[in-house]
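Student: I would like to learn how to read a pocket in a model. Can we work through one together?

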Amino acid sequence: MSLVPWNADRTVAASGSPSNSPSRSLLRDAVFAILLENILLGAYRRGERLRLEDIADDLQVSRTPVREALVPLEALRLVVVQRYVGVVIAHWSVDHMVERLRIARSMLDEPPACAGAANDRFDPALLVGRRTEAGCLGVLGVWVLRRSGAAVCADWLEAQLPVLDVFFTDDVAAANGIDAALDRGRRIAILHRARRAAEADAVSECGTALIELVDALIAMPERFRVAASA
């Protein structure tokens with residue numbers, strides 16, 4: 001599977017005004033998004049070595065944004081840096097994605113207070129651009145955790161947002177044997193309930209709805225396994 005190349009005609013500067021070249025952070029984020037989706041789609045084999053120069057050529061960028069994009073991918077445990085080998089695709093699995101959800105559920109169920117609770121109202125604009133219920137779950141979960149005083153947990157969940165959001169898109173889920181369309185109406189209804197609670201500043205009610213949504217997301221791979229074994 002070939003990578004989607006960077007569109008060199010896109011000219012976005014840090015100030016928001018036209019520029020002759022994309023900003024460095026924009027390039028890094030674009031490369032990260034492309035690599036993340038390709039890894040989760042299975043375009044790379046587990047254990048496959050990534051050659052920075054090949055990726056840079058495919059995406060029509062220098063090696064610098066590629067190298068920078070690999071840092072968060074390593075933090076998400078999707079790539080590993082091996083001595084004398086270089087960057088290698090990690091042996092991740094659907095179970096690893098489910099484990100992220102289970103950790104998020106445990107945090108939401110009993111938020112471990114570790115700092116003063118924030119009092120920020122929820123901003124619905126934070127949900128704009130999220131591609132899946134899992135991505136929206138992450139955004140709302142971060143807010144609930146911060147309001148509950150669990151700042152460290154909120155930081156962890158916020159770091160997981162990109163991988164959770166992408167993994168449950170239709171194409172990526174299908175590539176991993178999961179039908180993301182199944183029961184989507186129910187998940188969206190739960191999500192709307194959580195969002196309404198957040199907008200009403202009902203932290204506990206929002207957290208309860210999010211736990212229900214997490215359970216629904218966790219059940220998706222389990223249904224695939226049952227179908228595959230039947």
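**Reading the pocket**

Tutor: Start with volume. The largest pocket holds about 290 Å³ of space. Keep in mind that this is a predicted model.

Student: Which residues are the closest to the centre of the largest pocket?

Tutor: They are Leu76, Arg77, His96, Arg100 and Gln160, out of 13 residues that line the pocket.

Student: How is such a space found in the first place?

Tutor: Rolling a probe the size of a water molecule over the atoms shows where empty space is left.

Student: Which helices each supply at least two residues of the lining?

Tutor: Two are named here: helix H4, spanning 94-109, and helix H6, spanning 151-167. H4 gives the largest share of the lining, with four residues.

Student: What is the lining like by class?

Tutor: Sort the lining residues by class. Seven are nonpolar, three are polar and three are charged.

**Reading the fold**

Student: Now the chain. How many helices and strands does the protein chain have?

Tutor: Count nine helices and three strands. Next, take their order along the sequence. The pattern reads α-β-α-α-β-β-α-α-α-α-α-α.

Student: How much of the chain is buried?

Tutor: Apply a cut-off: buried means under 20% relative accessible area. In this chain of 230 residues, 43% are buried.

Student: What about the accessible surface?

Tutor: The total is about 11900 Å². Carbon and sulfur atoms account for 51% of that area.

Student: And which sequence separations do the contacts span?

Tutor: Take contacts between residues at least 6 apart in sequence. Of these, 70% join residues at least 24 apart.

How values were computed:
Residues are numbered from 1 along each chain as its sequence is written. This is a predicted model: local features need pLDDT of at least 70, side-chain atom pairs count only at pLDDT 80 or more; totals for chains, interfaces and linings use all residues. Side-chain values use heavy atoms; hydrogens and water are left out. On a 1 Å grid over the protein atoms alone, a cavity is a set of points where a 1.4 Å probe fits but cannot get out, and a pocket is an open set with protein on both sides within 12 Å along at least five of seven lines; lining residues have an atom within 4 Å of a point. Grid points are joined across faces, edges and corners, and a volume is the space filled by probe spheres set on the points. Ala, Val, Leu, Ile, Met, Phe, Trp, Tyr, Cys and Pro count as nonpolar, Asp, Glu, Lys and Arg as charged, and the others, Gly among them, as polar. Buried means under 20% relative accessible area, exposed over 50%, partly exposed in between (1.4 Å probe, protein chains only). Contact means heavy atoms within 4.5 Å. Accessible areas come from the Shrake-Rupley method with a 1.4 Å probe; for residues, only the protein chains shown count as cover.
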